[in-house]
Amino acid sequence: TIKQALDSSAAGDTIFVDAGIYDSYMTVTSEDSAGVNITKDNITLIGKDSASTIIDPPGPNSITTMYGIYADSQQGLVIKNLAVTGAQHGIYFVNVATSVISGDSAHSNGFAGFKLSFGSDSNAISGNMAYGNVMGIYVEACTANTVTNNLILGNTAPGVIMENCLN
């Protein structure tokens with residue numbers, strides 16, 4: 001499982017995720033959970049492609065404490081070629097720095113397809129697709145992030161919001 005691979009990984013490792021639907025979850029806190037919870041620095045998570053490697057945590061996307069891929073206080077992450085659907089936030093970084101989100105898709109999430117919050121600085125979000133969410137990309141209280149070459153369509157609110165950011 002992805003959880004087993006993450007548990008046995010060390011900083012600098014690359015985890016390749018084969019095609020499939022991954023519908024389990026990991027505990028983040030006593031209140032929060034995620035399809036994938038990254039707790040180590042410098043981890044690379046690469047799916048076969050974002051059309052066939054899908055993170056879909058159980059339950060409705062209205063559960064505000066359920067995330068697709070979640071990381072808090074890490075650096076040097078790479079999330080590539082994965083799809084995330086059915087979570088509150090597809091890929092959610094809190095205080096994550098110098099990381100890359102590339103070639104991913106986020107759709108049918110309850111709020112943001114991609115969300116960076118509170119000190120998630122110097123990250124790159126590029127070459128992704130966000131559709132059918134409330135917001136495509138939401139970046140708040142962060143600095144020096146780049147958002148480039150993403151396809152954002154069919155979300156119910158603005159496609160990209162950068163709030164209280166210095167970019």
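Let me start with a definition: strands here are DSSP runs of E at least two residues long, numbered from the N terminus, and two strands pair if DSSP finds at least two bridges between them. The model on the screen is predicted.

With that in hand, look at strands β13, residues 112–117, and β16, residues 135–140. They pair in the parallel sense, over 5 bridges. Within that pairing, Leu 116 stands opposite Val 139 in β16.

Now the sheet they belong to. It is open, has 7 strands, and runs in the order β3-β4-β7-β10-β13-β16-β19, with mixed pairing. At the edges stand β3, residues 26–27, and β19, residues 160–163; each has a single partner strand, so one side of each lacks a neighbour in the sheet.

Next, the surface. Which residues form the nonpolar patch there? They are Met 129, Tyr 131, Leu 151 and Leu 153, and together they have about 330 Å² of accessible area. Strands β15, at 129–131, and β18, at 151–153, each supply at least two residues of this patch. Take Leu 151, which is found in β18. Its relative accessibility is 48%, so Leu 151 counts as partly exposed; the cut-off for exposed is over 50%.

Last, Ile 54, in strand β6, residues 53–55. What is Ile 54 in contact with, leaving aside its neighbours within four places in sequence? The answer is Gly 20, Ile 21, Tyr 22, Ala 83 and Thr 85. As for Asp 72, Ile 54 is 18 residues from it in sequence, and the C-alpha to C-alpha separation is 21 Å.

Terms used: Residues numbered from 1 in each chain as written. Predicted model: local features only at pLDDT ≥ 70, side-chain atom pairs only at ≥ 80, totals over all residues. Heavy atoms only, no water. Helix = DSSP H or I, 4+ residues; strand = E, 2+ residues; numbered from the N terminus. Patch = residues over 30% accessible without salt bridge, like charges linked within 9 Å, V, L, I, M, F, W, Y side chains within 5 Å. Areas by Shrake-Rupley, 256 points an atom, 1.4 Å probe, with all protein chains shown as cover. Salt bridge = Lys/Arg side-chain N within 4 Å of Asp/Glu carboxyl O. Buried < 20%, exposed > 50% of the residue type's maximum accessible area, 1.4 Å probe, protein only. Contact = heavy atoms within 4.5 Å.
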